[in-house]
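Hello,

Here is the structure I promised to pass on. Please open it, then read the notes below.

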Amino acid sequence: MIENKVQIRVLQAEDIEKIIKVLKEPYMIGREGQYEKYFSRCLEENKTKERVTFIAFVDNEVSGYVNIIFKSAYPCFNEKNIPEINDLYVVPEYRRRGIGKLLLDQCEGFASRTYEYIGLGVGLYKDYGSAQRLYTKNGYELDGNGLMYKNVPVEPGKDVFVDDDLLLYLHKKL
Ligand SMILES: CC(C)(COP(=O)(O)OP(=O)(O)OC[C@H]1O[C@@H](n2cnc3c(N)ncnc32)[C@H](O)[C@@H]1OP(=O)(O)O)[C@@H](O)C(=O)NCCC(=O)NCCS
C-alpha cells in the first residue's frame with residue numbers, strides 16, 4: 001500500500017533542490033532556473049500565508065506537490081472566499097498509485113478547518129485527462145460559470161487559443 005510509504009509535509013527550503021532533481025519531463029528540461037525561482041516564490045508565499053505548498057515524499061524522494069492559494073486569481077473564487085488548489089503534480093514514475101488523491105485529500109483536510117468550499121481549475125486538452133478524471137471521481141463539481149480564458153468568461157462565437165489558460169473551474173463542499 002503506497003499510502004503507508006507516502007509522507008506529505010509543507011515545503012521547506014532544503015526541498016527545492018530535491019524537487020528540481022525529479023522534474024524531468026521534456027517541457028521541464030532546461031528550465032531548472034525557472035522552477036527554482038517558482039519554488040522560492042512558493043516558499044516566500046508560505047511564510048506570508050498567501051499559499052501553502054505540500055510536498056509528497058516516498059522513501060525520502062519527492063513524488064509530487066500541490067499548492068493551496070488562499071486568494072485565487074479567479075474572480076468567482078476570490079469573491080466567495082474559496083481557496084484554490086493549484087499546480088498539482090505527481091512525478092510520472094509514481095503516478096496511478098494514489099498519490100494525486102492523497103495530495104488532494106491533504107488540501108481538503110487543511111482547508112476544511114477554515115473554509116466551506118475548495119476549488120480548482122482544469123485545462124481542456126488531453127494532457128489534463130488524468131486530472132479531469134481524478135477531480136470528478138473525488139467529488140469536484142463544475143462551478144457553473146462556464147469556460148474561462150485567462151480568468152475571463154469565453155463568449156459564444158468568439159475564438160480562443162487552446163492552452164493552459166483555457167480552463168473550467170470546479171469546486172467541492174468540504
Ligand atoms: C493528475 C495527476 C496529478 C494524477 O496523479 P496520480 O497520482 O496519478 O493520481 P491517482 O493515482 O491518485 O489517481 C486517482 C484517480 O485519478 C484518475 N486517473 C489518474 N490518472 C489517470 C489516467 N492516466 N487515466 C485515467 N484516469 C486517471 C483515476 O480515476 C484514478 O483512480 P484509479 O487509479 O482508482 O482509477 C498526475 O497525472 C499528473 O501529475 N499529471 C500532470 C500534471 C497535471 O495534469 N496536473 C493537474 C493540473 S489541473
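Buried means under 20% relative accessible area, exposed over 50%, and partly exposed in between, with a 1.4 Å probe and protein chains only. At 3% relative accessibility, tyrosine 169 is therefore buried.

Some background. The model is predicted: local features need pLDDT of at least 70, side-chain atom pairs count only at pLDDT 80 or more, and totals for chains, interfaces and linings use all residues. Residues are numbered from 1 along each chain as its sequence is written, and side-chain values use heavy atoms, with hydrogens and water left out.

Now the rings. Rings of Phe, Tyr and Trp (its six-membered ring) pair if their centres lie within 6.5 Å; planes under 30 degrees apart are stacked, over 60 edge-to-face, the rest tilted. The whole structure has 11 aromatic pairs. In one of them, tyrosine 74 and phenylalanine 77 have ring centres 4.8 Å apart and planes at 80°, so they sit edge-to-face. Both residues of this pair, tyrosine 74 and phenylalanine 77, are buried. Phenylalanine 77 also pairs with tyrosine 169: the centres are 5.4 Å apart and the planes at 85°, so this is edge-to-face. That pair links distant parts of the chain, helix H3 (residues 75-79) and strand E9 (residues 166-173). Helices (H or I, at least four residues) and strands (E, at least two) are DSSP runs, numbered from the N terminus.

Last, glutamate 25. It lies in the loop between helix H1 (15-22) and helix H2 (32-47). Its relative accessible area is 17%, so glutamate 25 is buried.

Best wishes
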